[in-house]
Amino acid sequence: MSRGPPSGKGALHALTAAALALPGLMQPSSCAAQDNAAAVQFGQFQEGSRELYGVNSRFKPIESDSLQQSVWFSLDDRFKGQINYRQDTWSGATPIATAPREWRGNRSPAPDGVSGASPYLVPGSDLFLDAQTRQPLRSDGFGKLTGGADTQLVHTLSGASRETRKQVDFSLRREWDESALDLSAGTSIENDYVSRFGGIGGRWDFNQKLTALNLGMSYSTNRTRATLDHDATPYIFNACGNARCNFVSSTSHIEDFPSGRKVLHGDRRDWGAVAGITQVINQSTQVNASLGYTRNRGYLANPYKVVEVAFIDPDQQFLAPLPGVLYVNANALLEQRPELRNQWLWNVRLARYIGATDAGLHVQYSHFRDDWGIRAHTLAAEWAQPFGDGWTVTPRVRYYTQSAAGFYTPYLVTDQGQFSTRTDPATGQAIIAPFDRARLPANYSSDSRLSAYGALAGGVTLSKLFANGVTFRLGYEYYQHAGKLKWRGGGEGSYADFDSHLLSAALKLDLDTVASRTGSERSAGANTHASHGGHATGGGAAPAGVMFGHVLTGAGDFMVGYRYMYSRQAGSVLRRSRPLDDAQLRINACDAMGCLAVPVAMSMHMHMLDLMVAPTDWLTLMFMPQFVDMNMSMRGLLNQAEQGALAPEVRALYQHHTLHGHTSGGIGDTGIYTVFKLFDAPGRQMHATVGFTAPTGNVGLKLRDTHQVDAGYDHYGMQLGSGTWDLNPSITYAGEAHGWSWGAQVSALVRLQKRNRSGYALGDNLQATLWAAYGLPGGLSASARAVHARQGAIRGEFDGTHYKLSPVDYARNYGGRYSDFGVGISYRPPTGAFARNHFGLEWLQPVKQDHNGDQLERRGVLNASWQHGF
């Protein structure tokens with residue numbers, strides 16, 4: 001017999017539950033969705049190659065790795081909250097401009113004709129248009145016509161360095177019987193962009209809680225500090241060559257630096273309001289409608305987008321080879337967008353419970369419009385189908401279509417020269433003046449996201465809900481962007497088409513379910529290992545930085561955990577343990593050319609998910625994926641005269657190293673381990689770990705091309721993994737008595753391959769650690785730990801382009817012998833909803849460091865951990 005929906009007062013709750021079964025809502029987006037929960041999600045996005053019509057690009061398509069963590073908590077039955085952290089790291093080719101194919105925007109000036117040496121924005125002169133149609137004409141690029149019109153457009157691609165965005169936001173809710181108040185705030189930070197935002201909202205229930213009214217307001221400030229693309233900057237037309245030329249708009253300007261670096265500064269403020277109503281139609285149907293308004297004011301352009309302009313100079317038409325042909329020069333201008341944008345969004349959503357199949361249907365339509373001329377429609381549908389035993393499959397489809405912004409244009413044509421000779425009325429002398437901007441449109445952009453197009457996306461999500469309150473989800477989505485998909489036709493040409501793939505994996509822990517289950521077990525007189533599942537034998541807790549510090553205690557136990565590690569290097573460059581001054585670094589730290597730059601600081605953040613299960617009482621299986629990101633800053637060792645004496649390609653790389661911080665991040669290597677109990681007695685136990693790390697981290701990260709130079713591989717320490725399969729054995733002893741606990745561990749990391757796909761292999765590692773901890777009242781304990789590690793040097797080196805300008809570019813300057821001392825604290829709540837949780841925090845301070853070669857001084861490591869056992 002099929003299960004029908006509840007009736008009466010539970011109707012709204014039943015419809016909400018049906019909606020939450022859908023993939024977009026499985027992780028609640030508001031603190032009202034549940035009281036206590038935690039979730040983590042990994043995502044990987046990959047864009048397909050762009051159509052360049054016969055040109056082979058060295059630039060790889062855009063790719064992105066993402067990490068999202070959310071925690072929902074309840075202070076009491078009236079106050080609830082949510083904290084979210086999101087991190088995205090991306091790199092790859094991105095369109096910087098659009099131009100006729102005949103202008104050869106993606107063709108390198110190098111003889112091989114391979115794109116990628118630079119985005120060639122300025123083809124210069126010897127370009128031709130048909131005088132009647134203004135369409136580009138085919139030529140050999142040297143002033144000779146070779147055919148008729150060629151109307152094909154193409155994006156000009158530019159490579160992007162790997163960059164990271166980090167966002168933290170939180171929300172708080174106060175609930176009353178028939179209303180609620182929400183407050184939220186957050187910040188999003190990138191290298192070139194900072195946003196801070198906040199909001200307030202409220203909900204009012206009436207009509208016996210079958211109707212709810214929602215109102216909200218938001219405000220954000222946004223600041224752009226963008227270093228203009230150093231490959232494109234030489235081609236961006238600066239007509240008057242002084243500071244006043246760098247005026248972009250009333251809310252932005254460009255700052256020039258003596259090094260040639262140009263930074264665009266822009267500020268923007270956004271206000272938003274939304275009103276919505278939710279209505280329960282019957283026991284199976286719920287409808288939600290909302291109307292939103294957003295007002296943007298300030299710098300709204302993209303600092304990395306330009307528009308190419310064809311200048312038809314009347315004084316140069318004698319260079320046209322034939323009658324009816326126009327001779328043109330081309331140049332690029334930073335795009336100009338209005339400084340004000342008003343946007344409206346109307347949304348209608350239907351959620352319906354399908355009793356015949358026990359499924360949830362979700363259909364949504366949205367209409368968007370703004371005063372830039374864009375009109376957009378979105379239609380989406382999802383079907384969440386349970387299959388028993390906690391399994392749910394959710395297919396979904398989404399269609400989107402929009403018209404173009406009024407100022408969108410692939411490129412511009414103007415009947416004037418780039419320069420003209422005029423008479424200065426004050427002096428009577430002839431002066432050379434730039435083109436008249438008043439003869440160009442007030443606003444223009446070639447960004448294809450402002451063009452007319454359609455998009456179609458489809459995907460599927462597979463989720464499994466375990467009885468212990470854990471939900472695991474895998475998802476895939478395919479997205480296609482194409483002008484031909486625009487509703488009623490008229491979309492942009494196929495040159496702007498692209499597709500993408502998105503993979504995601506998520507894990508959510510419902511602490512309310514866990515607490516309820518724990519209470520049931522205790523009231524039923526559950527045995528010791530069931531009520532303390534996942535704890536180490538004897539209950540002793542290893543410090544937060546100890547891996548493989550415990551095993552699960554009984555067959556069927558399961559543990560979910562999260563680890564965070566932050567490490568920092570800064571200060572002096574040490575040769576073994578002795579500081580080097582700049583003169584010594586210049587002469588001795590690198591090869592014959594000497595060091596041109598040195599690292600100033602490097603930081604690393606590692607996020608690791610711990611999944612542990614015990615199929616028997618003597619065996620524990622572990623799965624540990626991780627997400628990492630690194631940042632490094634460098635300073636130069638050369639004065640201006642020495643920089644001027646460098647070869648052009650070396651000088652370009654020198655500036656890139658010293659003017660820009662280096663960033664990398666993404667999915668790291670993945671650990672797969674088995675832990676065996678060797679013996680287990682009251683107050684003491686020993687176990688061994690044997691496992692492998694799979695090379696899922698990227699070791700082919702490269703610096704973006706700079707000043708028309710292939711910059712090659714990024715430093716060894718900025719790669720995301722080892723690139724090799726690695727063996728990771730360890731043996732651990734732990735004991736406890738009279739409030740004290742202690743332990744010792746020896747572990748190793750052995751590279752199983754002689755080289756990775758980039759041509760090198762990291763050194764083997766050996767580590768020994770001892771710790772002791774003392775229990776404090778209330779579930780607290782304090783610990784101390786000593787660590788000694790030996791890290792081998794890198795074998796081999798990068799097998800491709802890799803410029804050695806700094807000590808970090810030499811394989812010999814990695815590894816060493818290190819001794820650290822750490823102090824930590826841990827907390828295991830004795831009762832309540834968090835009784836099965838263990839929290840740990842530890843700081844490791846370097847005591848002795850003996851580096852291989854010349855390396856930046858180590859400053860310390862922070863470890864934090866959370867574990868929850870079932």
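**View 1. Asp-177 and Arg-78 form a salt bridge between their side chains, with N and O 2.8 Å apart.** A salt bridge is a side-chain nitrogen of Lys or Arg within 4 Å of a carboxyl oxygen of Asp or Glu. Asp-177 lies in the loop between β7 and β8 and Arg-78 in the loop between β2 (63-74) and β3 (79-100), so the pair ties together parts that are 99 residues apart in sequence. Strands (E, at least two residues) are DSSP runs, numbered from the N terminus, as are helices (H or I, at least four residues). Asp-177 is exposed, at 54% relative accessibility, whereas Arg-78 is partly exposed, at 28%. Buried means under 20% relative accessible area, exposed over 50%, and partly exposed in between (1.4 Å probe, protein chains only). This is a predicted model, in which local features need pLDDT of at least 70 and side-chain atom pairs count only at pLDDT 80 or more, while totals for chains, interfaces and linings use all residues. Residues are numbered from 1 along each chain as its sequence is written, and side-chain values use heavy atoms, with hydrogens and water left out.

**View 2. A salt bridge joins Asp-389 and Lys-464, whose closest N and O atoms are 3.4 Å apart.** Asp-389 is in the loop between β19 (375-388) and β20 (391-402), and Lys-464 is in strand β24 (residues 453-465), so that distant parts of the chain, 75 residues apart, are linked. Asp-389 is exposed, with a relative accessible area of 64%; Lys-464 is buried, at 9%.

**View 3. Arg-203 is a buried residue of strand β9 (residues 193-206).** Its relative accessibility is 17%. Beyond its neighbours within four places in sequence, Arg-203 has contacts (heavy atoms within 4.5 Å) with residues including Arg-173, Glu-178 and Asn-214.

**View 4. Lys-804 and Glu-797 meet through their side chains in a salt bridge of 3.0 Å, N to O.** Lys-804 is partly exposed, at 27% relative accessibility, and Glu-797 is also partly exposed, at 40%.

**View 5. Lys-80, Arg-173, Glu-175 and Asp-182 belong to a network of salt bridges.** Across the whole structure, a search finds 35 salt bridges.
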